[in-house]
Amino acid sequence: MTQNPKNSLNWALITGASSGIGRDLAKCFAGDGWSVILTARRLPELQKLAQELSNQFQVQTLCLAKDLNEPTAPGEIFQELQSKKLTVSALVNNAGFGHYGHFANTDITQELKLLQVNIVALTHLTKLFLKSMVAQSHGYILNVGSTAGFQAGPLMAVYYASKAYVVSFTEALANELQDSGVKVSALCPGPTETEFSQVAGLEGTNLFKKMHVMESFAVAKAGFDGLMEGKILVIPGLMNKLTVQSNRISPRKWVTRVVRGVQERNPS
Ligand SMILES: NC(=O)c1ccc[n+]([C@@H]2O[C@H](COP(=O)([O-])OP(=O)(O)OC[C@H]3O[C@@H](n4cnc5c(N)ncnc54)[C@H](OP(=O)(O)O)[C@@H]3O)[C@@H](O)[C@H]2O)c1
């Protein structure tokens, strides 16, 4: 197989690469010459993407079907890559999902899975892959948060709180690693055209009906560029930047009420 000489020894591990922002982040890395390890539950989607990327960019690819809801999955991914002697220079913690509804009525099984995938697996993978990056004084970690991480989110209380964790964790890590040669960023998209709204049960809510919805590739490209430039927080799109800034300076109770309005299903 021909290899792109630019980054041919650099492997990027991308979680949630079977769809949406993760799939487009894989395209950004491969387009820059990185070899990519693609992981998610749906193997056929990963294999299709791997074929596209190796044809288009002549990069090496590896697909790993894993369910990050399984607490053992991060360790299994790490072991599998160790046994293949693959050094991961970029980790993209993108896999995640939301769950819509009043907390009093929602399914706790789904919410515990959400916490496992959005928080626990992300933290565990970071712990496992960071050590060798620090030892080599070189590496990249991109955690996919959300504009949801900057305020409370009624009707998706657990999801918003999970993304607040991602933002806080990433900012702290970036500070600890500032002189280490490892770059750490949080990509914080607003509403984006992917499978997310369907999986979360958000159809018909004002969030996706009335807010500006960005295209997935534009979001991924902003994340990739921001990571390479060493930006800690990457908020793609002017509307999303303005929303986050205005929420920061507004009374928290008021912001929560506004978010509630956006999250409602409005028949009009
Ligand atoms: N779209 C938005 O509006 C939006 C806004 C802000 C932030 N985000 C964040 O962006 C990230 C990517 O979401 P997306 O919008 O691209 O949605 P998506 O199209 O639904 O993609 C989610 C990805 O996560 C993977 N995933 C979900 N559960 C998993 C599990 N248990 N184990 C392994 N992989 C799992 C899915 O793969 P499989 O189903 O094949 O496992 C899929 O590849 C998420 O962290 C999301 O919270 C999205």
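1. Basis. The model is predicted, so local features need pLDDT of at least 70 and side-chain atom pairs count only at pLDDT 80 or more, while totals for chains, interfaces and linings use all residues. Residue numbers start from 1 along each chain as its sequence is written. Helices (H or I, at least four residues) and strands (E, at least two) are DSSP runs, numbered from the N terminus.

2. Sheet. Seven strands form an open sheet in the order S3-S2-S1-S4-S5-S6-S9, with parallel pairing; two strands pair if DSSP finds at least two bridges between them. Strand S3 (61-65) and S9 are at the edges with a single partner strand each, so one side of each has no neighbour in the sheet. Within the sheet, S5 and S6 are joined in the parallel sense over 6 bridges, and Asn-143 lies opposite Ala-186 in S6.

3. Core. A nonpolar core is a set of buried Ala, Val, Leu, Ile, Met, Phe, Trp, Tyr and Cys residues joined through C-beta atoms within 7 Å. Buried means 20 or more other C-beta atoms within 10 Å of a residue's own, exposed 12 or fewer, and partly exposed in between, with C-beta atoms placed from the backbone. The largest such core has 66 residues, and those with the most contacts inside it include Ala-12, Ile-14, Leu-25 and Phe-29. Helix H4 (residues 108-135) contributes the most to this core, with 8 residues. In soluble globular proteins, nonpolar side chains tend to be buried together.

4. Leu-25. Two residues are in contact if their C-beta atoms, placed from the backbone, lie within 7 Å. Beyond its neighbours within four places in sequence, Leu-25 is in contact with Ile-14, Val-92, Asn-94, Ala-220, Gly-223 and Phe-224.

5. Helix H8. This helix (residues 216-229) has 14 residues and reaches 20 Å from its first C-alpha to its last, close to the 20 Å expected at 1.5 Å a residue; the expected span is 1.5 Å times one less than the number of residues. Gly-230 follows H8 and has a positive phi, near 80°.

6. Ile-119. Although H4 gives the most to the core, Ile-119 in that helix counts as partly exposed because it has 17 C-beta neighbours inside 10 Å. Ile-119 is 44 residues from Lys-163 in sequence, yet the two are 8.1 Å apart, C-alpha to C-alpha. Leaving aside neighbours within four places in sequence, Ile-119 is in contact with Ser-162 and Tyr-165.

7. Ligand shell. A residue is near a molecule if its C-beta atom, placed from the backbone, lies within 6 Å of it. There are 26 residues around the ligand, of which Gly-16, Gly-20, Arg-41, Gly-96 and Phe-196 come nearest. The shell divides into 11 nonpolar, 11 polar and 4 charged residues; Ala, Val, Leu, Ile, Met, Phe, Trp, Tyr, Cys and Pro count as nonpolar, Asp, Glu, Lys and Arg as charged, and the others, Gly among them, as polar.

8. Gln-58 has a positive phi near 55° and sits in the loop between helix H2 (43-57) and S3. Lys-85 also has a positive phi, of about 55°, in the loop between helix H3 (73-83) and strand S4 (88-93). Gln-58 is partly exposed, with 15 C-beta neighbours inside 10 Å, whereas Lys-85 is exposed, with 6 other C-beta atoms within 10 Å.
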